[in-house]
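Hi,

Here is the structure we talked about. Please have a look, then read my notes below.

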Amino acid sequence: MSYRIAFVFDDTLDVLDGVQQHIVTLGKELSRRGHDVHYLVGQTEHSPVPHTHVMSRNVMVRANGNRMRIPLPASRQLIARTLAEGDFDILHVQAPYSPFMAGRVLRAAAPDTGVVATYHIAVSDPFSAIGGMALGAINTHTHRRIDEVIAVSDVAARYAAITAHTTARVIANPVDVRMMRERASAAGTSASDDGSMAPHIVFLGRFVKRKGADIVLDAIDYGEHHRLFPAGTHVTMAGKGPLLEECKRRAAGFTTPVSFPGFIEESAKPALLRSADVAVFPATGGESFGIVLLEAIASGATVTLAGDNPGYHSTLLGDTDALFPVRGRDTARILAERIARAIDDAAWAKQVHTREELLLDRYDVRTIADQVEQVYAQAIAKRRTV
């Protein structure tokens, strides 16, 4: 049975951060299965998907350790017209949501339309929790319109419980494993960027404090001073952000070559990650999941190491070899030694790689879409019964 589905998201689709990746990846798979998928979103000029309906203008704010966009009040007339023309079976809202756009869509939803909410966020500090609870109180009325609640991880489910007093079913973020593998395979061998087989360490992420680029540099510094890394070891730190120039200045003092290619397009990510002997993601917190970890594994990174924050811990099922502490005096030493082992101990690296690859079926978009379709059917059944 096919549905008319509208993903409702306050933010833009002009960038592909975590939530955007979630709805675009899931939406493409649902479209492939014959569903009619639409996107009701905030200010967007260059959407990567068809059937995108811009419902509001956005403004930039800082929250939960990130810069993010929030919607200005959306036109009720535009919402009513879009919902009437779409005649959707399902509205799938990404939570937490703003009362000015997604909240207004929920208020206008037809009585027989099933409504599903997916919670994506993890609390990064007490102020974020307080803000989330305040937003949950504001959205109390519209939250009653939601028929089924999903969270992308146990961490996100706890956020939903604290801020919206709701119980969520955990369905993970989707990763298109087949696409990542195909793109990585098209990039050629797993040699590093310059075509050599010298050990390659890769960091990919925003240059903001909580993503931990400085922790990578601490580990490289420690490894140099203690001669832990083989000759030829080199590092790529891809991404952009306010700390990029500071990281460049620091890396200029190392003997280990560190390149900063800047922002990497989605289509180029698999090749970079495939080239990694060690892919390192040392986020300190505020992570509800770890899509980038799975992208690295699917692309063919030999070993993927992750900061032991709750979201990454959940995604990697607590694998103590792949996880490392992100706070404390010994963080640089532990990470440097773990990187060195991944490079020098082939048997250990193979064991970690094998365990990590076994995770992929669990998070593949085809598995996730099966679960989400079941939730849609339950939401619609509730509405049509009423």
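Buried here means under 20% relative accessible area, and exposed means over 50%. Keep in mind that this is a predicted model.

Start with helix H14, residues 346-357. Its 12 residues should span 16 Å at 1.5 Å a residue, and the end C-alpha atoms are 16 Å apart, which agrees.

Which residues of H14 are buried? They are Trp-348, Ala-349, Val-352, His-353 and Glu-356. Seen down the axis of H14, the buried residues fall within an arc of 135 degrees, so they line one face of the helix. Ala-346, Ala-347 and Lys-350 are exposed, on the other side of H14.

What do the buried residues of H14 pack against? Their partners are helix H11 (291-299), strand E14 (303-307), helix H13 (331-344) and helix H15 (360-363).

Now the H13 pair. H13 and H14 pack at about 100 degrees, with axes 6 Å apart. The two helices are therefore roughly perpendicular to each other. H13 contributes Arg-338, Arg-341, Ala-342 and Asp-344 to the contact; H14 contributes Ala-346, Trp-348 and Ala-349. By class, that is four nonpolar, no polar and three charged residues.

H1 (residues 18-32) packs on H16 (residues 365-385) at about 80 degrees, with axes 10 Å apart. That angle makes H1 roughly perpendicular to H16. From H1, the contact uses Thr-25, Leu-26, Glu-29 and Leu-30. From H16 come Val-365, Arg-366, Ala-369, Val-372, Glu-373 and Tyr-376. The H1 contact with H16 has six nonpolar, one polar and three charged residues.

Best wishes

Terms used:
Residues numbered from 1 in each chain as written. Predicted model: local features only at pLDDT ≥ 70, side-chain atom pairs only at ≥ 80, totals over all residues. Heavy atoms only, no water. Axes fitted to C-alpha atoms, helices over the stretch in contact; angles between N-to-C directions. Helix = DSSP H or I, 4+ residues; strand = E, 2+ residues; numbered from the N terminus. Parallel < 35°, antiparallel > 145°, perpendicular 65-115°, else oblique. Contact = heavy atoms within 4.5 Å. Nonpolar A, V, L, I, M, F, W, Y, C, P; charged D, E, K, R; others polar. Expected span 1.5 Å × (residues − 1). Buried < 20%, exposed > 50% of the residue type's maximum accessible area, 1.4 Å probe, protein only. Arc of directions from axis to C-beta.
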